[in-house]
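Trainee: Could you help me learn to read salt bridges in a structure? I would like the general idea and then the case at hand.

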Amino acid sequence: MPEPVLNNQIRRLRFERAEMTQQALAEAVGVTRQTIISIESGKYAPSLPLAIRIARVFGRAVEEVFSYDA
Amino acid sequence: MVAQQRHALFRVLVTSAALILFLGLIPRVGVWRAQSAFGVLGFLGAAPLVIGKSRARLLFDERDRQIHLKAIQIGTGIFWVLFAAGMWAAYWHFHNDRVVPVTGIALLAWLTWTAFELCNAGAMLFLYRRS
């Protein structure tokens with residue numbers, strides 16, 4: 001049975017917002033740049049509060065930023 | 001490299017140096033006197049100098065906390081296995097009709113602490129590399 005995957009659109013949304021840097025996004029949501037890198041590459045699943053903060057930075061719903069393929 | 005990662009690397013280097021020095025001193029001064037090599041572990045107290053000042057305002061976030069907890073689980077698990085193995089080894093070596101020397105207990109304490117530090121810090125570095 002394939003393992004469920006958490007995908008995200010963070011990189012695309014960053015570029016759409018005047019090419020926001022990973023550092024700028026990290027400071028906006030209160031994590032390190034390395035955490036943003038891990039989230040974008042799908043190697044780290046953010047906590048719910050962090051996922052909501054990220055979605056709010058882009059002015060989108062959480063489901064528009066993250067998708068879960070079971 | 002984040003602060004916790006630098007700290008873990010420092011811990012691995014210091015602990016490895018202590019262990020290598022201990023093993024190198026055994027043929028020269030014997031097992032009991034070679035335990036003085038574990039005094040090198042005192043350099044672990046210099047960790048704040050290694051972490052140093054960072055330009056980043058945030059040093060420790062939720063991902064660091066998760067890695068820290070996973071590394072504690074791994075390090076503690078391996079520590080208990082080695083501790084139990086050490087107890088059995090001490091029993092088989094000394095049997096139940098001889099006295100266990102205090103220096104043997106001290107050696108066990110040093111080795112299990114060293115094992116925990118190496119496993120905990122090593123696990124932390126591995127988890128950071130994987131993520």
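Mentor: Let's start with Glu16(A): in this predicted model, Glu16(A) has 48% relative accessibility and counts as partly exposed.

Trainee: What does Arg12(A) form with Glu16(A)?

Mentor: The general idea first: side chains of opposite charge can pair when their charged atoms come close. Here, Arg12(A) and Glu16(A) form a salt bridge, with 2.7 Å between the closest N and O atoms. Both sit in helix α1 (residues 10–16) of chain A, and because they are four residues apart there, about one helical turn separates them. Arg12(A) is partly exposed, at 38% relative accessibility.

Trainee: Which side chain does Glu16(A) meet in a salt bridge at 3.5 Å, N to O?

Mentor: That is Arg60(A). This pair links distant parts of the chain, 44 residues apart: Glu16(A) is in helix α1, while Arg60(A) is in the loop between α4 (48–58) and α5 (62–65) of chain A. Arg60(A) is partly exposed too, with a relative accessible area of 31%. Salt bridges with shared partners join Arg12(A), Glu16(A), Arg60(A) and Glu64(A) into one network.

Trainee: Is Arg14(A) buried or exposed?

Mentor: Buried: the cut-off is under 20% relative accessible area, and Arg14(A) has 5% relative accessibility. Its side chain meets that of Glu40(A) in a salt bridge of 2.6 Å, N to O. Here too the pair links distant parts of the chain, with Arg14(A) in helix α1 and Glu40(A) in helix α3 (residues 33–40), 26 residues apart. Glu40(A) also counts as buried, at 14% relative accessibility.

Trainee: How many salt bridges does a search of the whole structure find?

Mentor: Six, over all chains.

How values were computed: Residues are numbered from 1 along each chain as its sequence is written. Chains are lettered from A and ligands numbered from 1 in the order in which they are written. This is a predicted model: local features need pLDDT of at least 70, side-chain atom pairs count only at pLDDT 80 or more; totals for chains, interfaces and linings use all residues. Side-chain values use heavy atoms; hydrogens and water are left out. A salt bridge is a side-chain nitrogen of Lys or Arg within 4 Å of a carboxyl oxygen of Asp or Glu. Helices (H or I, at least four residues) and strands (E, at least two) are DSSP runs, numbered from the N terminus. Buried means under 20% relative accessible area, exposed over 50%, partly exposed in between (1.4 Å probe, protein chains only).
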